[in-house]
Amino acid sequence: MDFELSEELVAVRDLARDFAQKEIAPSAARDDREHKFRKDLVLKMGELGFYGSVISESYGGSGLGYLAMALITEEVARVHSAMRVFMNMQVGPALTILNFGTEEQKRQWIPPLIRGESVSCFAITEPDAGSDVAALRTTAVSEGDSYVLNGSKIWISNAPVADTALIYASTDRAQKHRGMSAFYADLNQPGVSRRPMDTLGVHCSPIGEITFENFRVPKARLIGKEGDGFKVCMWQLNQTRLSCAAGALGLARAAREAAVSYCNQREQFGQKIGQFQMNQDLIAQMVVHEEAAALLVYRAAWLADRKQPNNLETSMAKYAAAEAAAYAADAALRILGAYGYSVEFPVERYFRDAKSYQIVEGSSNIHKLIIAQDALGYRKANR
Ligand code: GRA
């Protein structure tokens, strides 16, 4: 095992760290307060090649790989967790098209996605289909050279601002998950309406509902074959979960750094509060959860770079990192006390944003289910 990053990866990490400090950090608190969508930053991340690390050079990427993607996401999230969501919104559809699309689809749609010019999203979740993806009800009915989509998607990141979407719908409901299909559609068309929604945190990542009413999607926009949708979706989630896990790791780091810094500065009862063992207990747990999550995230990325199966390892990474982020944000808030609770300091934002990691991209319970069922021999995660 080699725990050293290559020079190339160190340079990628430093570039992302520098960008996050200089371009994201100065306005993070204000952007969060104003629920601001920073299209300018989405484009800048595209210009810097952040979305292209897992895309080969022939489609405009750098081919640096999944570990590079994880490091970039971690650095962005460490400064402002909401800003890392755009990594997934651009990379998720691009990677899915790369893996399942035709040559023409790849050439046409991947470059604008990884430049950040076509703001995108993926539409899986519905009011009655959250963890249970196979229960989705949106239908896509074949009619001439189009599919006609009807249904509603909810809690879709980027819904209010996206130009395009990777949409999962049922072309044959009787077949349940085997009747699902994937489409890459242009959202600025008749038959699409959107409603912005609000959440506890992650305020700079717009979220909302998308409703399709006789929305015509050309057949040339089907990704993979009709009926492949569930497989495509599970594959896509395995990629986006990794980036999500890296984001949670970045947030866990930020919360631990804030807690350590405060422990070394704040004095009560005549000494620095880091001297109190109850705070040391919190710091020790934050450090260990974070380091364990880091090793799991990097291992899952390392496996992906070697084109080895990593569904199980990604689930472990996502679960560990989400819990590490939630633990660290909670512990940091306890240590900072009123300063943590105050909106004048970033820890309350970490706390609000951290909760999202236990819900999105497969809740912590879904990942525990995948991990336990694999361990018990009921259902292999790497298949
Ligand atoms: O036997 P078969 O041919 O029917 O195939 C089965 C299985 O082999 C079938 O699907 C296949 N399959 C897979 N194929 C390739 C299952 N998993 C995979 C895979 N990983 N790769 C049915 O399988 P099943 O296990 O019986 O399915 P199930 O029990 O209906 O559901 C499985 C599961 C619960 C894991 C799934 O529904 C799931 O992952 N649910 C979680 C949903 C989720 O993660 N949603 C995310 C929403 S998007 C989001 O959060 C955006 C946030 C953005 C951000 O912040 O980054």
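**From values to terms**

Tutor: Let us begin with Gly144, which in this predicted model sits in the loop joining strand E2 (139–143) to strand E3 (146–157).

Student: Why is Gly144 called exposed?

Tutor: Its relative accessibility is 64%, and the term exposed applies over 50%; Gly144 therefore counts as exposed. Its C-alpha atom is separated by 62 Å from that of Ile335, 191 residues apart from it along the chain.

Student: Why is Arg38 called buried?

Tutor: Arg38 has a relative accessibility of 12%, and buried means under 20%, so the term applies. Arg38 is placed in the loop between helix H2 (28–33) and helix H3 (39–47).

Student: What makes the pairing of the Arg38 and Asp40 side chains a polar contact?

Tutor: The two side chains approach to 2.7 Å, and the cut-off for a pair of N or O atoms is 3.5 Å. Beyond its neighbours within four places in sequence, Arg38 is also in contact with Ser27, Asp31 and Met83.

Student: Why does Thr73 count as buried?

Tutor: Thr73 belongs to helix H4, and its relative accessibility is 0%. That value is under the 20% limit, so Thr73 is buried. Leaving out residues up to four places away in sequence, Thr73 touches Arg84, Met87, Ser243, Ala246 and Gly247.

Student: How do you know that H4 is largely enclosed by the rest of the structure?

Tutor: Of the 14 residues of H4, 14 are buried, so the helix is largely enclosed.

Student: How do you know that the length of H4 agrees with expectation?

Tutor: H4 covers residues 66–79, and at 1.5 Å a residue these should span 20 Å; the end C-alpha atoms are 20 Å apart, so the two values agree.

Student: What does the same test give for helix H6?

Tutor: The 12 residues of H6 (residues 103–114) should span 16 Å, and the end C-alpha atoms are 17 Å apart, which agrees. The buried residues of H6 are Gln105, Lys106, Trp109, Ile110, Pro111, Leu113 and Ile114. They pack against H3, H5, strand E4 (164–170), strand E5 (180–186) and strand E8 (222–223). Just after H6, Gly116 adopts a positive phi of about 85°.

Student: What makes H7 mostly covered?

Tutor: In H7, 28 of 35 residues are buried. From first C-alpha to last, H7 reaches 50 Å, close to the 51 Å expected at 1.5 Å a residue.

Student: Which side chains place a polar atom by a ligand oxygen, and at what distance?

Tutor: For His177, an N or O atom of the side chain is 2.5 Å from a ligand oxygen. Arg84 has a polar side-chain atom 2.8 Å from a ligand oxygen, and for Arg178 the distance is 2.8 Å. Each value is within the 3.5 Å cut-off. The protein covers 76% of the 1100 Å² of accessible area that the ligand has on its own.

Terms used:
Residues are numbered from 1 along each chain as its sequence is written. This is a predicted model: local features need pLDDT of at least 70, side-chain atom pairs count only at pLDDT 80 or more; totals for chains, interfaces and linings use all residues. Side-chain values use heavy atoms; hydrogens and water are left out. Helices (H or I, at least four residues) and strands (E, at least two) are DSSP runs, numbered from the N terminus. Buried means under 20% relative accessible area, exposed over 50%, partly exposed in between (1.4 Å probe, protein chains only). A polar contact is a pair of N or O atoms within 3.5 Å; within protein, one must be able to donate a hydrogen and the other to accept it, and residues adjacent in sequence count only if both atoms are side-chain atoms. Contact means heavy atoms within 4.5 Å. Accessible areas come from the Shrake-Rupley method with a 1.4 Å probe; for residues, only the protein chains shown count as cover. The expected span of a helix is 1.5 Å times one less than its number of residues.
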